[in-house]
Amino acid sequence: MLSRRQFLAASTALPLACALRPAFAAIPSPLMIDSHVHVWKTDPRYPYAKDRKTPPQDFTAEMLLDLMAANGVARTVIVQVIHYRWDNRYLADVLRQYPDKFQGICRVNPEDPAAPEHLARLTTEDGFRGVRLSPSDKADGDWIRGPLMKLLWRQAADLKVPMTILAAPSRMPDLITWIEQNPELTVVIDHMADSPLNQPDELNKLLALARYPHVYVKISHMWSLSQQPYPYSDAARQVKQVFDAFGPQRLMWGTDWPICLNKLSYAQAVALYRDHLAWLSPQDRQQILYKTVQDIWPFGVA
C-alpha cells in the first residue's frame, strides 16, 4: 500500500512527454472545476454497505485537496461513491467541512418509494446539489422505466437539483420519457455513457439526447474507453463527436479520481483536458474546464 507521501508524489507526476511541452509553458493555467470525483474513508462513523467489500485504501477529501492545490484545480464536485450505497453521511460531513471547495451529488435508493423524501432531506438539510442514478444495462436496472421514477424525477425538478445518470448507451432511450416530462430539469450524463469506441452506432443513442437543451455530458473516461496510449487519440475523436452534437456549453471535464488511478495519475487526468484536445478554442476550453460546471453546480467566488 502506498504511503500518503508516495501517493501524492505519484499522482502529481506527469510523464516526461507532458513535462516537456514548451507550447504550454508560458500560458497561464485556466480556472478549473473538476466535475467528477469520489472520496471515501474507513471509519466506524461511516460504515460501508453490507454488500460491498471494504476498500483496501482510503481516498479522503484531504488527499483530494492536496492534489487540487498541486494541479491548479479550484473546486470539485464529489459524487457519492457506491461503497456506501445510500448512506451519504461521509460526503455530507465533507461538504459541511469544506463548503467553499466542494459540491456534492448524493445517491438515493431508486427502488424505495421514499426516495423523493430522502432526496429532499439530503438537499435541504445536508447541502447536496444533485442526485445520481446508475441503472445497469441488465434486467436488474429496469427500475429506470418504472413508476417510482416519475415522482423522483419530479422531485429533482422541483428542488432544482441536477439529475446525473451513469448508464450504458442502451439505457439512453429509457431517459427520454422522464426528460420530456421534466423539460426544465438539468440532466447530466456521466462519462459519455461509456459508449464503446468499437461500437460507433451505440454513441448515437447518447447523441440523440442533444435535442433536449437541458441535457449535458461529462467527457470523462477517455482513459477507460481508449485502446491507445495517453493522450488517447481514439477517445478524443469520440469527444469531438459529442462536442459537435452538444456544443461546449453542455460539456464538462472530470477526472473520476481515484478510479482513474488504474490508468493514469490525477495530474495526467487534469492535463488531458487542459493541455490536449487541440481542436478546442481557448473559449471552448474555458467553457468545458470551468463555465459549464459552474453553471450547473454554482460555487461562490473561485
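Reader: What makes the largest nonpolar core a core, and which of its residues touch the most other members?

Author: A nonpolar core is a set of buried Ala, Val, Leu, Ile, Met, Phe, Trp, Tyr and Cys residues joined through side-chain atoms within 4.5 Å; buried means under 20% relative accessible area, with a 1.4 Å probe and protein chains only. The largest such core has 87 residues, and Phe-102, Trp-153, Ile-189, Met-222, Val-242, Phe-246 and Trp-257 touch the most other members. Apart from it lies another core of 11 residues, including Val-79 and Tyr-216. This is a predicted model, in which side-chain atom pairs count only at pLDDT 80 or more, local features need at least 70, and totals for chains, interfaces and linings use all residues. Side-chain values use heavy atoms, without hydrogens and water, and residues are numbered from 1 along each chain as its sequence is written.

Reader: Why are α4 and α12 called oblique to each other?

Author: Helices are DSSP runs (H or I, at least four residues), numbered from the N terminus. The axes, lines fitted to C-alpha atoms over the stretch in contact, cross at roughly 45 degrees and come within 10 Å. Angles under 35 degrees count as roughly parallel, over 145 as roughly antiparallel, 65 to 115 as roughly perpendicular and the rest as oblique; α4 and α12 are therefore oblique.

Reader: Which residues of α4 and α12 make the contact?

Author: Contact means heavy atoms within 4.5 Å. Leu-64, Leu-67, Met-68 and Asn-71 of α4 meet Tyr-266, Ala-267, Val-270 and Arg-274 of α12.

How values were computed: Buried < 20%, exposed > 50% of the residue type's maximum accessible area, 1.4 Å probe, protein only. Axes fitted to C-alpha atoms, helices over the stretch in contact; angles between N-to-C directions. Helix = DSSP H or I, 4+ residues; strand = E, 2+ residues; numbered from the N terminus.
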